[in-house]
Amino acid sequence: PSFRSMQWVNSVELAVEYTTRLHAEFQSILPRHSQTLSEHDVAKVLEVASGLKASAELFREHLQTCLSKIAHMMDSLLRAKGLAEFEAVTFRIGDAEYTSYEINDPWALAAVQSWEVLLQPLQKGLSETNWDAVLRKLVGLVIQHVEELVCMKAFTQCGGLQLDKDVRVLRKYFSDRTEAPVRERFAR
């Protein structure tokens, strides 16, 4: 996404926050001033408060849609820069290949390095809350792709150990970038 579109998404997040706060303010002020207002004025205030609440919900829905679109757009890039290599890796390996993979990781380290380059502008451009939301969505998408690919592969004992190591690399990468718990999501 462009810097301008990320600014727009951040602005939508602020709009949600401000309209929600304004709605709460109207709701808290009304009881204190209801004796001094006419029924018509009370009805108008309630109507405005209701409109603010509806606007906040509309903004929130739009924000979630935008964040999902960003996550899906980034997901296609992550698949092309990392998960495609995972698809090609065999986990029917012996001790010699496992030892070789210790030195020359077949895909996980290269994938997270590529992902860092792809995701860094997004992290800089989005607010912390929006970045975290996109990253949590990406974690779910990456896990889904890895699970699908794992189900199609055959494993030796060394291959299972290698997969475990690769999953730990992915888990650490995502854990280092969000406060949200991701460990459990990688547990399957």
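A polar contact is a pair of N or O atoms within 3.5 Å, where one must be able to donate a hydrogen and the other to accept it within protein. In this predicted model, the side chains of Asp-166 and Gln-162 make such a contact at 2.9 Å.

**Asp-166**
- Asp-166 sits in helix α6, which spans residues 157-175.
- Asp-166 is buried but has no salt bridge.
- The nearest side chain of opposite charge belongs to Lys-165, 6.4 Å away. A salt bridge needs a side-chain nitrogen of Lys or Arg within 4 Å of a carboxyl oxygen of Asp or Glu.
- Setting aside residues up to four places away in sequence, Asp-166 touches Phe-91, Asp-105, Trp-107 and Ala-108.

**Aromatic pairs**
- The structure holds seven aromatic pairs.
- One of them joins Phe-86 and Trp-107. The pair is tilted, with 4.5 Å centre to centre and 45° between the planes.
- This pair links distant parts of the chain, 21 residues apart. Phe-86 belongs to helix α2 (residues 39-88), while Trp-107 lies in the loop between α3 (95-103) and α4 (108-125).
- Phe-86 and Trp-107 are both buried.
- Phe-174 and Phe-186 form a stacked pair, because their ring centres are 6.3 Å apart and their planes meet at 25°. Planes under 30 degrees apart count as stacked.
- That pair also links distant parts of the chain: Phe-174 is in helix α6 and Phe-186 in the segment after α6, twelve residues apart.
- Phe-174 has 0% relative accessibility, so it counts as buried. Phe-186 is buried too, at a relative accessible area of 11%. The cut-off for buried is under 20%.
- Ring pairs also join Phe-86, Phe-91, Trp-107 and Phe-155 into a cluster.

**Charges over rings**
- Lys-153 lies over the face of Phe-86, 5.4 Å from the ring centre.
- Lys-165 lies over the face of Tyr-98, at 4.5 Å from the ring centre.

**Tyr-173**
- Tyr-173 is another residue of helix α6.
- Its relative accessible area is 6%, so Tyr-173 is buried.
- Leaving aside neighbours within four places in sequence, Tyr-173 contacts Val-112, Trp-115, Glu-116 and Leu-119.
- Tyr-173 and Val-12 are 161 residues apart along the chain, and their C-alpha atoms are separated by 28 Å.

Note on methods. Residues are numbered from 1 along each chain as its sequence is written. This is a predicted model: local features need pLDDT of at least 70, side-chain atom pairs count only at pLDDT 80 or more; totals for chains, interfaces and linings use all residues. Side-chain values use heavy atoms; hydrogens and water are left out. Helices (H or I, at least four residues) and strands (E, at least two) are DSSP runs, numbered from the N terminus. Buried means under 20% relative accessible area, exposed over 50%, partly exposed in between (1.4 Å probe, protein chains only). Lys and Arg count as positive and Asp and Glu as negative; His and the chain ends are not counted. Contact means heavy atoms within 4.5 Å. Rings of Phe, Tyr and Trp (its six-membered ring) pair if their centres lie within 6.5 Å; planes under 30 degrees apart count as stacked, over 60 as edge-to-face and the rest as tilted. A charge sits over a ring if NZ of Lys or CZ of Arg is within 6 Å of the ring centre and within 35 degrees of the ring normal.
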